[in-house]
Amino acid sequence: MLKLNENKISLFLILIAMLLLIVSSGYCEAKYKFNAIADEAIWGETGLILQTFESGVKYLSDGDIDIKMFPAGEWGTGEEAGLQSLQLGTLDIVVTMSANLGLYTDALYVFDIPFMFKNLVDAMLFTFASTTEHTPLVKKLLEKASEESGIIVLSMAPMGRRDIFSNKPINSIKDLKGIKIRTMASPIQVDAFNFMGAIATPLPYSECFTALQLKTVDAAENSPAAYTMMKFIEPAPYYFGSDHYSSVVGIAMSKKSWDSLPKAYQNVIRQAAVGAMNVSSIWSLGSADYSLNGEVKNGAKAIVMITPEEKLELRKTVLPKLLDKYGKTIDMDILKTLAEGDKVIADWLEENK
């Protein structure tokens, strides 16, 4: 009877194990692989969205779709340039502010206009019908935005308040006059801050810290969490709680990448995107208060929060001017829906019948 010595048996078992590993890894190999970027670190707002989206896609596709994450500029470019790459088909997915998409489509202007929503909860109720589905109005907006931009806009969601921080004290809304403030490149954002009396200065997000440090700008604006996470507290230690805007963030995909997927996998991608944005939007409800009462309070030189009366005054000053300029691009059904519980919008509609 043929006998194998121990060395040959060991070698045989090792070869079998290697073969099984190769075969099993073949079965586990993802069918589709995509690259996705976000401007912030994995624990920042857009980084968390990216993580949630990636894990949702992997779970819902049973591992058939793999998304490689590049947070905090690891891809080598920010979300503004990333959107250009989506159009060219050289990048697959970008987590981005809706205002950046405003350069490619006006379909999302309702999300871009500061003071459009009275608060974050109102914005969320307008956006979501359930945890994994947008309202019919928002679905219509995303479809239009995708058609106009040539980029598949998978999902959008409000992500909490944005405030102003500066390298000089701001004690009231009157002090905004003449302040040179970094804004996103969106024309709406530029107009909004100019209407507030400030001097809007569009700059890429990646240049914001240096611009504050070198005093190229006096101020910038973002969420309380981004203020501390991105270390803006160092060059801009004066915090002014203007609550002028609810950040609206979305997940966008290259049409080339989207078209490479069968319908079933497209549904998986969209469901994961809406779910990730919904969870992140809910998270943002508590994030602002936590940051304001924690790191912002402990690290800023001064914190000034405007009163509800001051916010209403600012809203009455700025929002009608923005609607005068951009209101015609917003679907009338949307404006009528928002006007039902909002006197500022209702009054504007009445004056502009």
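What follows is a conversation about the terms used for this structure and the values behind them.

Visitor: What should I know before we start?
Guide: This is a predicted model, where local features need pLDDT of at least 70 and side-chain atom pairs count only at pLDDT 80 or more, while totals for chains, interfaces and linings use all residues. Residues are numbered from 1 along each chain as its sequence is written, and side-chain values use heavy atoms, with hydrogens and water left out.

Visitor: How many helices and strands does the protein have, and what counts as one?
Guide: There are 15 helices and 11 strands. Helices (H or I, at least four residues) and strands (E, at least two) are DSSP runs, numbered from the N terminus. Along the principal axes, the C-alpha atoms fill a box of roughly 100 × 45 × 35 Å.

Visitor: Which residues of helix α8 are buried?
Guide: In α8 (residues 187-195), the buried residues are Ile188, Gln189, Val190, Asp191, Ala192 and Phe193. Just after α8, Gly197 has a positive phi of about 105°.

Visitor: Why are α8 and α13 called oblique?
Guide: The axes of α8 and helix α13 (residues 308-326) come within 9 Å and cross at roughly 140°. Here axes are lines fitted to C-alpha atoms, for helices over the stretch in contact, and angles run from 0 to 180 degrees between N-to-C directions. Angles under 35 degrees count as roughly parallel, over 145 as roughly antiparallel, 65 to 115 as roughly perpendicular and the rest as oblique. The two helices, α8 and α13, are therefore oblique to each other.

Visitor: Is that crossing left-handed or right-handed?
Guide: The crossing of α8 and α13 is right-handed. A crossing is left-handed if the near helix is turned anticlockwise from the far one by less than a right angle, and right-handed if clockwise.

Visitor: What makes a space a cavity, and what makes it a pocket?
Guide: On a 1 Å grid over the protein atoms alone, a cavity is a set of points where a 1.4 Å probe fits but cannot get out, whereas a pocket is an open set with protein on both sides within 12 Å along at least five of seven lines; lining residues have an atom within 4 Å of a point. Grid points are joined across faces, edges and corners, and a volume is the space filled by probe spheres set on the points.

Visitor: How many cavities of 30 Å³ or more are found?
Guide: The whole structure has 2. The largest cavity has a volume of about 170 Å³. Its lining has 15 residues, of which Glu79, Met97, Arg162, Tyr205 and Asn222 lie nearest its centre. The second largest cavity holds about 40 Å³, and its lining includes Glu45, Met159 and Ser287.

Visitor: How is the lining of the largest cavity sorted by class?
Guide: The lining of the largest cavity has 4 nonpolar, 4 polar and 7 charged residues. Ala, Val, Leu, Ile, Met, Phe, Trp, Tyr, Cys and Pro count as nonpolar, Asp, Glu, Lys and Arg as charged, and the others, Gly among them, as polar.

Visitor: What lines the largest pocket?
Guide: The largest pocket has a volume of about 310 Å³. Of its 20 lining residues, Asn119, Leu120, Gly160, Arg161 and Asp243 are the closest to its centre. The largest share of this lining, 5 residues, comes from β10. By class, the lining of the largest pocket has 10 nonpolar, 5 polar and 5 charged residues.

Definitions and conventions: Buried < 20%, exposed > 50% of the residue type's maximum accessible area, 1.4 Å probe, protein only.
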